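Visitor: I'd like to go through this one with you. Can we take it piece by piece?

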Amino acid sequence: MIEFMSDAADVIDNYDPAAFEPAWAERWAERNPFAAVDPAARGAAARPKYYVLEMLPYPSGALHMGHVRNYAIGDALARFFWMRGFDVLHPMGWDAFGLPAENAAIKNHTHPRTWTLANIARMKRQAQRCGFAYDWSREITTCLPEYYRWNQWIFLRLYERGLAYRKKGVVNWCPKCATVLANEQASGGVCWRHEDTPVEQRELNQWYFRITAYAEELLRDLDRLPEWPERVRTMQRNWIGRSPGAEVDFAMADRPRTAIRVFTTRIDTIFGASALLLAPEHPLLPELVDADTLSRARELRARQAHLEPGKEPEKEGFFTGHYAVNPFNDEKLPVWVANFVLMGYGTGAVMAVPAHDQRDFDFCSKYGLGIRPVVEPPGGLPQPLTAAVEADGVMCASGVYSGLDNRTAIARMTADAEASGCGKGTVSYRLQDWGISRQRFWGTPIPIIYCAVCGAVPVPDDQLPVLLPEDVQLTGQGESPLAADAAFSRAVCPRCGGEGRRESDTMDTFVDSSWYFYRYTSPHDSERPFDAASIQRWLPVDQYIGGIEHAILHLIYTRFVTKAMRDLGLTTLDEPVTRLFTQGMITRHGAKMSKSKGNVVDPAELIARFGADATRMYVLFAAPPEKDFDWNDQGVEGIHRFLARVWRWVLRPRSSAAAPASGAEDTACLRKAHQTLRHITIDFQGRWHFNTSIAGLMELVNALYAAGDALTAEPRAECTRLLLLTLAPLAPFICHELWRRTGQPGEIGLTPWPEFDPELAREESVEIVVQVGGKLRARLTVAAGTATGALEALARADGKIATLIAGRPHRAVVVPNRLINFVPTHS
């Protein structure tokens, strides 16, 4: 039962969030007032839509402060746009598959589903207690069959188009556990469970999504995402890694019909090649070396695989005993294996040109291979050569190409390779196909049946979902739990009716999160993954909010799946998200919060002490939302005190013994209220500097208290109304409660956002930032609307600025009411 606190007079001075916040949380949970409504169901014309989405969480069991910051940003936006008259979709769900649940199930002797659903129930209650205005009628949970059925359906559509395929891939293997390990479980080259056991590299058949088929489009379309952070777009460009170059065939000296095809971005340096270098997994290697040497190659890759992220491996390799012929000068080059050559980039083979590539220089210097410069940069080659010279220059020691600038030579040599049949121009990408196989239980079963007669056969749509078993034995050792489950593994071949065996791998959990925002639009549809009309109504996502750690994998996968579904005829979208925002991290004592460091801040404890409004407002006030900030316990207390002042101002009546008002206070406070309203309105639609918006609200409250009883009744009521309306998206509990207590109609969260009066909101004076060469050098306070010529004259007259620009002409770049930047000009 919902019970609100008493309206008795003795609560005026007693701001106690625990007395009313739980009641509002219960009310919203029961009534779901923020549900997205279909205009047809509402019987009205469609209003503008706003789809705001925070990245769905993994249900670890408790919300942390990173969650609170992420969700407070999205919640404030959702509430603002509701008040602005938009149809808002603001859903929430759970990224519920994954290895932690499986490990917890092994430890606690329970089913992962039981552990996961209990965590979800607990985190949902926490989110509701925080007052996050989600449309819970659209809640999704990715570990439930009604969701993962459509993972399987999408897999089958990709399989039909050749975008899902199976091949051998290298995995981490613990011989003591007799199982595959995730990279995180093999850190440092040993098993996480048996630290005395080195991890081996084994080749197993794995399923992949052919994301490389979209590499060029994924790269090109980054230019169509101007409202994504440039940092994210740069990270994606680098991850895709487009490299125009050439493929060149080097015939084996002792087997002329066999050639090693190398990829190079610098065919101009081919006369300086000292060797050919193969990746340890190169498919030709088993033909060139014996089994012991092949094991040695695998060890090279294994040592590299377990380096700490970002650490450059020591260059290692060995000579295969074979030679290949350079097609440009017929020189025999030794064929080596090198640990820094990647099979997934180019062809898995490169030519080592130590004079013009630093990694090649390090490798060849270590193993005594020759170093021969063939491009001379401006200023000449250093003597002796102590590092690679990677700059452009003039060709030398390169036969008929000597004397050309190297960029001209690249084009000519590529054309000559094509004409002679030994090579061709091409583009290579760093991006590799997406390996989705996981040898784990707690994930979406891959819907494939293996038949001795028919091979790999897709499960028919009418047999979906392929369900995870309820009574599986999880030990963490041996083969995949699904492979060991005879009842799951046995299947009838859909094609011939013979005996078959189900695929025992499950899908990478990134598959679950690659399309979930589509499902939110029609979460209960049992006939299709999503309804086309609902997609047309709500997609693309207008605002997506999450951490920078998802800039590459998750966000590239979502873009790939959207483009693939477009080509399957399921959507018309090229991109799933219009605007992306990556919030900063919250640290404590200068370090990322973690249980092992003992620096975790529990949101539940803060809410119990200070209330949900103060907790969520503090994470918005502490810093601009894109910036990291270090936690300060006193900050929440400060926000709590501010909200207590709001509480007292709204509920305390104006004294009947007040002195006669002059009208000056009325005008000043109304002006301040409309200026604050204007600032917050603009901020919500642009830069999101909630910290300055909250500071503005604090200034407004200070102004109201300063005016006190000198404010007459009508202006006081109007200022108070604007205060509550502008504070409501940031502190919904107190604003809903005070709105109710002051007898206002309806709920404040669904009350139209007020319009500011341009005349009252006009600033009488503004601060102008003065820069020289883009650096802050001075500030000026001037009348609002001062003409640009007058601003420039005032700035040039400033003593400090005059000294800085003296003796050299500068032109002034003026942004009215904001800044002047003096930029040096060339005479």
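Visitor: Is Cys 143 buried or exposed?
Guide: In this predicted model, Cys 143 is buried, with a relative accessible area of 3%.

Visitor: How many disulfides turn up in the whole structure?
Guide: Zero, from a search of the whole structure.

Visitor: And Cys 454, which cysteine sulfur is nearest to that one?
Guide: That of Cys 496, at 3.7 Å.

Visitor: Where does Cys 454 fall on accessibility?
Guide: Cys 454 is partly exposed, with a relative accessible area of 23%. The cut-off for buried is under 20%, so Cys 454 does not count as buried.

Visitor: Switching to the core. Which residues touch the most other members of the largest nonpolar core?
Guide: Phe 155, Tyr 516, Trp 631 and Leu 643, out of 171 residues in that core. Helix α3, residues 65-83, supplies the largest share of this core, with 12 residues.

Visitor: What else is there by way of cores?
Guide: There is a second, separate core of 38 residues. Leu 284, Met 395, Tyr 401 and Ala 417 are included in that second core.

Visitor: Back to Leu 643. What is it in contact with, leaving aside neighbours within four places in sequence?
Guide: Tyr 15, Asp 613, Ala 614, Met 617, Leu 727, Ala 731 and Ile 734.

Visitor: Leu 643 is in α21, which meets α24. How do the axes of those two helices cross?
Guide: The axes of α21 (residues 633-651) and α24 (residues 713-727) come within 11 Å and cross at roughly 145°. The crossing is left-handed.

Visitor: Which residues meet there?
Guide: From α21, Phe 642, Leu 643, Val 646, Trp 649 and Val 650; from α24, Arg 716, Thr 720, Leu 723, Leu 724 and Leu 727. The residues of this contact divide into eight nonpolar, one polar and one charged.

Visitor: Last topic, Val 427. Where is it placed?
Guide: Val 427 is in strand β16, residues 423-429. Val 427 is partly exposed, with a relative accessible area of 30%.

Visitor: What does Val 427 touch, again leaving aside neighbours within four places in sequence?
Guide: Arg 242, Ser 243 and Pro 244.

Visitor: How far apart are Val 427 and Val 37?
Guide: They are 390 residues apart in sequence and 48 Å apart in space, C-alpha to C-alpha.

Methods
Residues numbered from 1 in each chain as written. Predicted model: local features only at pLDDT ≥ 70, side-chain atom pairs only at ≥ 80, totals over all residues. Heavy atoms only, no water. Axes fitted to C-alpha atoms, helices over the stretch in contact; angles between N-to-C directions. Helix = DSSP H or I, 4+ residues; strand = E, 2+ residues; numbered from the N terminus. Left-handed = near helix turned anticlockwise from the far one by under 90°. Contact = heavy atoms within 4.5 Å. Nonpolar A, V, L, I, M, F, W, Y, C, P; charged D, E, K, R; others polar. Core = buried A, V, L, I, M, F, W, Y, C linked by side-chain atoms within 4.5 Å. Buried < 20%, exposed > 50% of the residue type's maximum accessible area, 1.4 Å probe, protein only. Disulfide = S-S within 2.5 Å.
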